[in-house]
Amino acid sequence: MNTHQLMQTDVLVIGGGTAGTMAGIKAKQANPDGDVLILEKANIRRSGAIAMGMDGVNTAVIPGHSTPEQYVREVTIANDGIVNQKAVYQTGKLGFSVIQELESWGVKFQKDAQGNYDLKQVHRVGKYVLPMPEGKDLKTILTRQVKRHKVRVTNRVMATRVIVQEGRAIGAVGFDVRNGDFVVIQAKAVILCTGACGRLGLPASGYLYGTYENPTNAGDGYAMAYHAGAELSNIECFQINPLIKDYNGPACAYVAGPFGAYTANAEGHRFISCDYWSGQMMLEIYKELNSGKGPVHLKMNHLDEDTISEIERVLWANERPSRGRFHEGRGENYRTHGVEMNISEIGLCSGHSASGVWVNEKGETTVRGLYAAGDMASVPHNYMIGAFVYGRICGENGMEYSATVEHVEPNPEWLEAEKARIYAPLDQPNGVPHTQVEYKLRRLVNDYLQPPKSQNRMEIGLNQFVRYQETLNLMGARDPHELMRCMEVHFIRDCAEMAARASLYRKESRWGLYHYRLDYPDKNNEEWFCNVNLKKDESGHMTLFKCPVAPYIVEVDVNREVYDVAVR
Amino acid sequence: MSFDVDDELKPWIEMLQSPDESDRLVAVKTLQHLYDERAIDALIAALEDSSVAVQKLAVTALWEFANPKAVPALIQCLGSLDEEIREEAKSALGELVTGDHLLLLLDALQQPEVNVQSHVLYLLRKIHDVQCLPYVLPFFESPNPTLREAAVTTLRYLNQVNQCAPAIALMADPDEKVRRAASLTLGHLSDSEAIPCLCQALTTDSDWQVRRDAAKSLALHADPAAVSALEKAVKDEHWQVRKFAIQALQKTPVVHTMPLLIQALTDEYSDVRRDAAIALGLLQQGEALQALQQALDDPDRDVSIYAERAIAKIQKSMQEPSNA
């Protein structure tokens with residue numbers, strides 16, 4: 001154990017999920033002679049948020065149905081105007097070609113009898129949902145393309161820090177989660193694609209890994225980007241979703257809706273006013289859940305046997321195959337029962353909300369040579385197609401950039417210090433188990449950060465998160481796998497501190513439930529129509545600052561056009 | 001058997017010949033993970049392994065390799081005695097078949113094997129080629145209702161087919177699943193002969209799903225000749241028939257349907273009420289305003305939102321100068 005492995009590549013992709021596999025493929029396509037390495041702490045065959053497949057695309061901008069401009073408008077309104085429209089536009093513009101390319105690789109999207117994409121309108125505005133009833137093989141198809149493009153893959157190595165020298169990213173360090181080797185990778189460009197911080201809050205079920213997001217996504221990239229000196233943006237815009245109660249998956253109204261199912265209150269009536277998926281919609285669900293008309297459920301029992309069987313076939317085969325067994329275990333049946341829903345734990349995820357590492361329309365972070373894509377990169381409401389698009393953008397731009405620089409030898413003292421930090425838990429194998437340390441940390445997140453937010457609670461939380469560094473030092477690991485879990489708890493703590501500081505900084509309510517402050521219940525465009533960015537300053541402290549919203553390229557009047565909670 | 005392989009692949013390919021099933025399982029799984037296309041011939045050979053488990057893994061591996069070379073062998077798997085293998089091969093072929101495999105599929109369609117025939121009829125939908133038509137039509141006469149249903153569904157996916165009398169004839173099929181498939185297919189043909197047949201099914205078929213599917217197809221045709229049958233269907237005993245009949249009426253707004261639609265604003269099912277509100281908005285008649293005002297208080301939020309939009313639409317049309 002603790003053997004030193006040194007690797008070298010032109011473009012290093014950290015994380016082999018949706019964005020990461022696409023980044024690797026596109027970097028290699030951009031320069032087949034360049035060397036591309038995907039680093040993955042699991043195995044890319046089944047890793048990342050789409051590991052077990054995907055049953056639909058939420059943001060398909062298909063010519064003839066919608067335009068990139070319309071898409072930018074919807075996302076601008078859904079995100080209360082706080083967007084870099086140029087970045088959002090890329091998803092609208094390039095999404096169609098990504099879908100076509102995926103299709104050429106064998107990914108199946110639902111088509112109508114004439115062979116056209118069978119788009120569904122799920123909300124009252126926009127027609128962007130493209131079902132994938134055969135989407136369970138998405139990840140294996142991507143893996144096949146990675147292999148075919150001769151992208152190198154190193155599975156079972158977890159990155160812990162990006163190496164930054166001479167003002168630019170020059171590689172990363174980490175360790176092998178099976179044999180414990182210390183791994184140093186020199187790279188000319190580094191692309192972070194590590195997904196959401198899905199393990200921030202604790203699910204109502206109490207299970208550490210029973211999260212909405214893939215539980216292996218612990219905010220690794222958020223923390224690594226922060227420590228690399230990159231800016232993060234709008235971290236206070238949490239991810240919260242309506243979920244099946246006690247089950248770590250969405251009720252899938254996107255899938256069942258086109259078949260006639262709908263989200264209803266206990267009286268069986270629809271109650272959502274909001275026209276599009278947004279924090280406003282979550283606020284409505286939260287209010288209904290906490291009213292006399294709760295709980296909320298996905299209603300299907302008015303549908304016929306054939307329709308319900310088809311819904312079951314899609315839902316139980318693709319995204320979460322355990323779903324059928326979950327309902328069966330509870331004696332529930334869609335023919336007679338609604339799917340009871342609850343509000344999820346909080347997380348950070350730009351794919352669903354807006355919190356992430358700040359990137360421009362080229363996928364560049366504020367650190368030279370460091371790129372970010374997917375759920376961890378701050379392009380609001382980007383979902384899966386956005387992850388593919390930004391994987392592509394980062395892969396191409398990263399490869400182009402890599403041709404302009406040389407490898408830099410990492411500072412040996414810095415490497416030694418990082419090595420000591422990583423392996424500390426192995427020196428105390430009988431230290432506090434990572435599960436206990438993580439559980440307590442995430443209980444604190446729930447207690448003090450779960451919206452609705454209040455200044456007093458968040459200040460207590462922040463204090464706890466800062467002090468928690470001492471608790472982290474008590475953690476022990478008996479093997480490299482446990483060491484991986486320990487390092488994930490470090491990432492979660494970093495994200496919790498960022499979430500608390502950003503939430504305290506923005507003194508208004510915005511994005512519906514995502515940043516609903518009891519002490520500042522109203523939106524305040526005069527003072528807070530801006531991004532809240534944060535970074536690690538030169539003294540090592542977390543600093544927050546306002547950052548103006550970039551000029552719009554698609555006209556939207558955010559004072560007039562809002563998805564509001566107009567509860568009658 | 002010789003393969004052009006390197007040292008990494010060779011032991012696993014050799015292990016596929018082991019008399020021990022466990023060894024062969026390990027070998028086929030490893031080859032799947034190695035993703036080396038030079039293993040394709042060996043995996044194709046493994047499709048004939050004596051072990052069903054090995055066969056199934058070989059199908060999965062070939063699916064992941066996605067090399068068209070495996071298509072003929074996978075088509076043979078559609079006739080496997082094992083259902084899982086048939087289904088896995090069908091899924092794999094769903095991804096792999098292209099227009100280049102049309103003749104291969106049509107050949108397979110001649111095999112007197114129901115499983116192969118029904119799966120190939122399904123796969124032909126991925127190709128959309130009108131050349132299939134003469135090969136598909138004989139299945140309309142099949143004694144097996146599954147094949148009749150599969151064939152008339154496939155017809156829907158064949159581009160350039162506008163008229164097809166045998167499909168209309170299937171609306172009288174004794175099997176309701178065949179009639180359901182036929183009624184949906186008729187929506188995709190631009191054959192005016194289909195309208196009376198769909199109208200009859202909408203109002204008289206004993207199966208409510210046939211009636212619902214007829215309404216869906218009539219919405220696609222948007223032919224005023226169907227309005228009378230659709231009016232009847234708005235009073236159907238099944239709510240889904242009522243819902244889709246109103247959706248069809250939205251495509252051909254006729255003022256005299258207004259009282260019927262106003263009545264539908266009080267339907268037991270919210271989806272029916274919502275579609276009635278939308279339809280009334282399209283009629284643009286001031287007489288509907290009072291009923292729509294009442295619908296604003298509907299307990300279902302969607303109904304009230306669409307009633308609000310319908311009112312706005314009607315009021316706007318009343319403000320516009322008449323073209324008369």
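Pro452(A) sits in the loop between helix 12 (434-449) and helix 13 (455-472) of chain A. A cis peptide bond, with omega about 5°, joins Pro451(A) to Pro452(A). The model is predicted. Chain A has 15 helices and 19 strands, whereas chain B has 20 helices and zero strands.

- The peptide bond from Gly294(A) to Pro295(A) is cis, with omega near -5°.
- Pro295(A) belongs to the loop between helix 7 and strand 12 of chain A.
- Arg156(A) is a non-glycine residue with a positive phi, near 65°.
- The loop that holds Arg156(A) runs between strand 5 (152-155) and strand 6 (157-165) of chain A.
- Arg156(A) has a relative accessible area of 28% and is partly exposed.
- Asp246(A), also not a glycine, has a positive phi near 70°.
- Asp246(A) is in the loop between strand 10 and helix 6 (253-256) of chain A.
- The relative accessibility of Asp246(A) is 30%, so this residue counts as partly exposed.

- Helix 7 of chain A covers residues 279-289 and is mostly covered itself, with eight of its eleven residues buried.
- The buried set is Gly279(A), Gln280(A), Met281(A), Met282(A), Leu283(A), Glu284(A), Ile285(A) and Glu288(A).
- These buried residues pack against three strands of chain A: strand 10 (242-244), strand 12 (296-299) and strand 13 (339-343).
- His297(A) is part of strand 12 of chain A.
- With a relative accessible area of 17%, His297(A) is buried, because the cut-off is under 20%.
- Beyond its neighbours within four places in sequence, His297(A) has contacts that include Tyr262(A), Thr263(A), Ala264(A), Asn265(A) and Ala266(A).
- Gly338(A), Val339(A), Glu340(A) and Met341(A) are also among the contacts of His297(A).

**The largest nonpolar core**

- The largest nonpolar core holds 298 residues, and Leu200(A) and Leu292(B) touch the most other members.
- Helix 14 (residues 480-505) of chain A gives the most to this core, with 14 residues.
- Leaving out neighbours within four places in sequence, Leu200(A) is in contact with residues including Ile346(A), Gly347(A), Leu348(A), Arg442(A) and Val445(A).
- Other contacts of Leu200(A) include Ile492(A), Cys495(A), Ala496(A) and Ala499(A).

**Asp36 of chain B**

- Asp36(B) lies in the loop between helix 2 (21-34) and helix 3 (40-46) of chain B.
- Its relative accessibility is 15%, so Asp36(B) counts as buried.
- Glu8(B) is 28 residues away from Asp36(B) along the chain, and their C-alpha atoms are separated by 9.7 Å.
- Apart from neighbours within four places in sequence, Asp36(B) is in contact with Leu9(B), Leu31(B) and Phe65(B).

**Chain A as a whole**

- Chain A has 15 helices and 19 strands.
- The radius of gyration of chain A is 22 Å, close to the 24 Å from the globule rule for 568 residues, so chain A is as compact as a globular protein of that length.
- Along the principal axes, its C-alpha atoms fill a box of roughly 65 × 55 × 50 Å.
- Buried residues account for 65% of the 568 residues of chain A.
- Of the contacts in chain A between residues at least 6 apart in sequence, 75% link residues at least 24 apart.
- Chain A exposes about 19600 Å², with 47% supplied by carbon and sulfur atoms.
- Chain A carries 62 positive and 67 negative charges, and their mean positions lie 2 Å apart.

**Chain B as a whole**

- Chain B has 20 helices and zero strands.
- Chain B is more spread out than a compact globule, because its radius of gyration of 27 Å is well over the 20 Å that the globule rule gives for 324 residues.
- The C-alpha trace of chain B spans about 85 × 40 × 35 Å along its principal axes.
- Of the 324 residues in chain B, 56% are buried.
- Among chain B contacts between residues at least 6 apart in sequence, 64% join residues at least 24 apart.
- The accessible surface of chain B is about 14700 Å², and 49% of it belongs to carbon and sulfur atoms.
- The 29 positive and 49 negative charges of chain B have mean positions 7 Å apart.

Methods: Residues numbered from 1 in each chain as written. Chains lettered and ligands numbered in written order. Predicted model: local features only at pLDDT ≥ 70, side-chain atom pairs only at ≥ 80, totals over all residues. Heavy atoms only, no water. Core = buried A, V, L, I, M, F, W, Y, C linked by side-chain atoms within 4.5 Å. Buried < 20%, exposed > 50% of the residue type's maximum accessible area, 1.4 Å probe, protein only. Helix = DSSP H or I, 4+ residues; strand = E, 2+ residues; numbered from the N terminus. Contact = heavy atoms within 4.5 Å. Rg over C-alpha atoms; globule rule 2.2 N^0.38 Å. Areas by Shrake-Rupley, 256 points an atom, 1.4 Å probe, with all protein chains shown as cover. Lys, Arg positive; Asp, Glu negative; His and termini not counted. Charge placed at Lys NZ, Arg CZ, Asp CG, Glu CD.
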